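Please keep the sequence and the structure at hand while reading.

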Amino acid sequence: MHSPSPHSLVDLPIRRLDRGDLVPCADLCEDRGWPRDEHRWGLLLSAGTGYGIDAPDGKGLAATCLTMPYGSDLTAVGMLLVAERYGRRGLARRLMRHVMEAVGDTPLALYATELGRPLYEDLGFSPVGRAERVGGRFKAGGADGSPSRPNTTTHSSVTTRPAAADDLQALVRLDLPVFGADRTHLLARLPAFSDRIQVAEEDGELVGYAALWPSGQTEVVGPLIARDTATAQALIAALAATTDRPLRADVDARHKELLGWLLESGLKSHPGTTVMTYGIPDLPGDAARRFAPLTLATG
């Protein structure tokens, strides 16, 4: 059987993905050396819109792309993956053009790897920031005596506790001006998706929150929204105390103090990503309180 020519590959139909595609999506992640993460794909395909190209050899998916809509304010793009055997033959560009046409005038945002950045620049995206990835074993008390108790904790005068069911409305109210767009459809799914959600409060008002969710053998911290660095530290320390797995986070590079504290607490630097936008000069919201995304694919 002859391999499809580049011309015939870019003529392959693009279809919408659904939860029935979880295993092929996970297979494609594994093909590219990523964790399978069917759990994450479940969230993305239920809250977002997935696009895929079926492999012409009949073995799963040749390529995927995921959009996460936030009304007319913003659409995040992620999970642009091409099977290694079909790489460098125009599929990624074709999917991105399809997505850009599908969202119309809605601004776009994404996190680009070094490998993907040239394509996005060629399509008109502009770099507006960076996210630094850190991961590894968090050493409780490594930097400043972080708490080790999993329930209500006080850390540098910040009180945190596990989120309760009736916190959702307050959490959404806190999140909206920080993220800059309404992501209720994601946050409502966070309790089922996460292993843990921790909130920080002062005088009965929420001043931050963070979630912990599983990815392979790792626990990811995200989203992380906080009034200041001390609040972000308290939330991470409280979440870290609930797991013995390594942690991972993609922290906005502007938050150098938090990044330094995480490195002092035992985490290591890993390759980061470039934040890029199309149709807007920067991400909306309040960067001072936006420390880490839920996942790179959700913006």
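Helices (H or I, at least four residues) and strands (E, at least two) are DSSP runs, numbered from the N terminus. The model is a predicted one, in which local features need pLDDT of at least 70, side-chain atom pairs count only at pLDDT 80 or more, and totals for chains, interfaces and linings use all residues. Residues are numbered from 1 along each chain as its sequence is written, and side-chain values use heavy atoms, with hydrogens and water left out.

**Overall form**

- The chain contains 10 helices and 14 strands.
- Along the principal axes, the C-alpha atoms occupy a box of roughly 65 × 35 × 35 Å.
- The radius of gyration is taken over C-alpha atoms, and the globule rule is 2.2 Å times the number of residues to the power 0.38.
- For 299 residues a compact globule would have a radius of gyration near 19 Å, and the chain agrees with this at 19 Å.
- Of the 299 residues, 53% count as buried, where buried means under 20% relative accessible area, exposed over 50% and partly exposed in between (1.4 Å probe, protein chains only).

- Helix α3 (residues 38-47) is largely enclosed by the rest of the structure, because 7 of its 10 residues are buried.
- Those buried residues are R40, W41, G42, L43, L44, L45 and A47.
- D37 sits in the loop between α2 (22-31) and α3.
- Although D37 is not a glycine, it has a positive phi of about 50 degrees; D37 is also buried, at 7% relative accessibility.

**Other backbone features**

- M79, in strand β4, is not a glycine either, yet has a positive phi of about 55 degrees.
- With a relative accessibility of 6%, M79 counts as buried.
- A cis peptide bond, with omega near 0 degrees, joins G222 to P223.
- P223 belongs to strand β11 (residues 218-226).

**Cysteines and aromatic rings**

- There are 0 disulfides in the structure, a disulfide being a pair of cysteine sulfur atoms within 2.5 Å.
- C25 is in no disulfide, and its nearest cysteine sulfur, that of C29, is 7.3 Å away.
- C29 is likewise in no disulfide.
- C25 is buried at a relative accessible area of 0%, and C29 is buried at 0% relative accessibility.
- The structure has 5 aromatic pairs; rings of Phe, Tyr and Trp (its six-membered ring) pair if their centres lie within 6.5 Å, with planes under 30 degrees apart counted as stacked, over 60 as edge-to-face and the rest as tilted.
- One aromatic cluster is formed by Y120, F125 and Y278.

**Pockets**

- On a 1 Å grid over the protein atoms alone, a cavity is a set of points where a 1.4 Å probe fits but cannot get out, and a pocket is an open set with protein on both sides within 12 Å along at least five of seven lines; lining residues have an atom within 4 Å of a point.
- Grid points are joined across faces, edges and corners, and a volume is the space filled by probe spheres set on the points.
- The largest pocket has a volume of about 1300 Å³.
- Its lining consists of 44 residues, and W34, L80, T113, L115 and G116 lie nearest its centre.
- Strand β4 gives the largest share of this lining, 6 residues.
- By class, the lining of the largest pocket has 23 nonpolar, 10 polar and 11 charged residues; Ala, Val, Leu, Ile, Met, Phe, Trp, Tyr, Cys and Pro count as nonpolar, Asp, Glu, Lys and Arg as charged, and the others, Gly among them, as polar.
- The second largest pocket holds about 190 Å³ of space.
- Of its 13 lining residues, A163, A164, A165, P191 and I197 are the closest to its centre.

**Cavities**

- The count is 2 cavities of 30 Å³ or more.
- The largest cavity has about 200 Å³ of space.
- Among the 21 residues that line the largest cavity, Y111, L283, R290, P293 and G299 are the closest to its centre.
- The lining of the largest cavity divides into 14 nonpolar, 1 polar and 6 charged residues.
- The second largest cavity, with about 30 Å³ of space, is lined by V221, I236, L247, R248, A249, L262 and L267.
- Strand β12 provides the largest share of the lining of the second largest cavity, 3 residues.
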